[in-house]
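I opened a new notebook page for this protein.

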Amino acid sequence: PPDKAAAIALLNHALDIGYDFLDSAALYGFGANETLVGRVMKPHRHRFTTRRPFPPHKPRNPSATHLLH
């Protein structure tokens, strides 16, 4: 996985330059990706749209289930 600080900086930069759509899935980093994206983007919810495919099973990372609601 990428360095957490670098990933946060990249997500913030994407917002700064106008990205407004994020595509994610629980299988990226076994849910770690969605947890990170959720933390960084939560204060900016009104600025972007997310897409997440919903698997027929629970996410492998139970800590990421809050992102499904």
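Thr50 is found in strand 2 (residues 49–51). I noted that Thr50 and Val37 are 13 residues apart in sequence and 9.9 Å apart in space, C-alpha to C-alpha.

Ground rules next. This is a predicted model, where local features need pLDDT of at least 70, side-chain atom pairs count only at pLDDT 80 or more, and totals for chains, interfaces and linings use all residues. Residues are numbered from 1 along each chain as its sequence is written, and side-chain values use heavy atoms, with hydrogens and water left out.

**Layout.** I listed two helices and two strands. Helices (H or I, at least four residues) and strands (E, at least two) are DSSP runs, numbered from the N terminus. Along the sequence the pattern reads α-β-α-β. Of the 69 residues, 29% count as buried. Contact means heavy atoms within 4.5 Å. Among contacts with a separation of 6 or more, 78% come from residues 24 or more positions apart.

**The helix pair.** How do helix 1 and helix 2 cross? The axes of helix 1 (residues 4–16) and helix 2 (residues 32–41) come within 10 Å and cross at roughly 50°. Axes are lines fitted to C-alpha atoms, for helices over the stretch in contact, and angles run from 0 to 180 degrees between N-to-C directions. Helix 1 and helix 2 are therefore oblique to each other. Under 35 degrees counts as roughly parallel, over 145 as roughly antiparallel, 65 to 115 as roughly perpendicular, and the rest as oblique.

I then checked who touches whom. Helix 1 brings Lys4, Ala7, Ile8, Leu11, Asn12 and Leu15 to the contact, and helix 2 brings Leu36, Val37, Arg39, Val40 and Met41.

**Buried side of helix 2.** Which residues of helix 2 are buried? I found Glu34, Thr35, Leu36, Val37, Val40 and Met41. Their cover includes helix 1 and strand 1 (21–23).

I looked up Tyr19 in the loop between helix 1 and strand 1. Tyr19 is exposed, with a relative accessible area of 53%. Tyr19 and Phe48 are 29 residues apart in sequence and 7.4 Å apart in space, C-alpha to C-alpha.

Definitions and conventions:
Buried means under 20% relative accessible area, exposed over 50%, partly exposed in between (1.4 Å probe, protein chains only).
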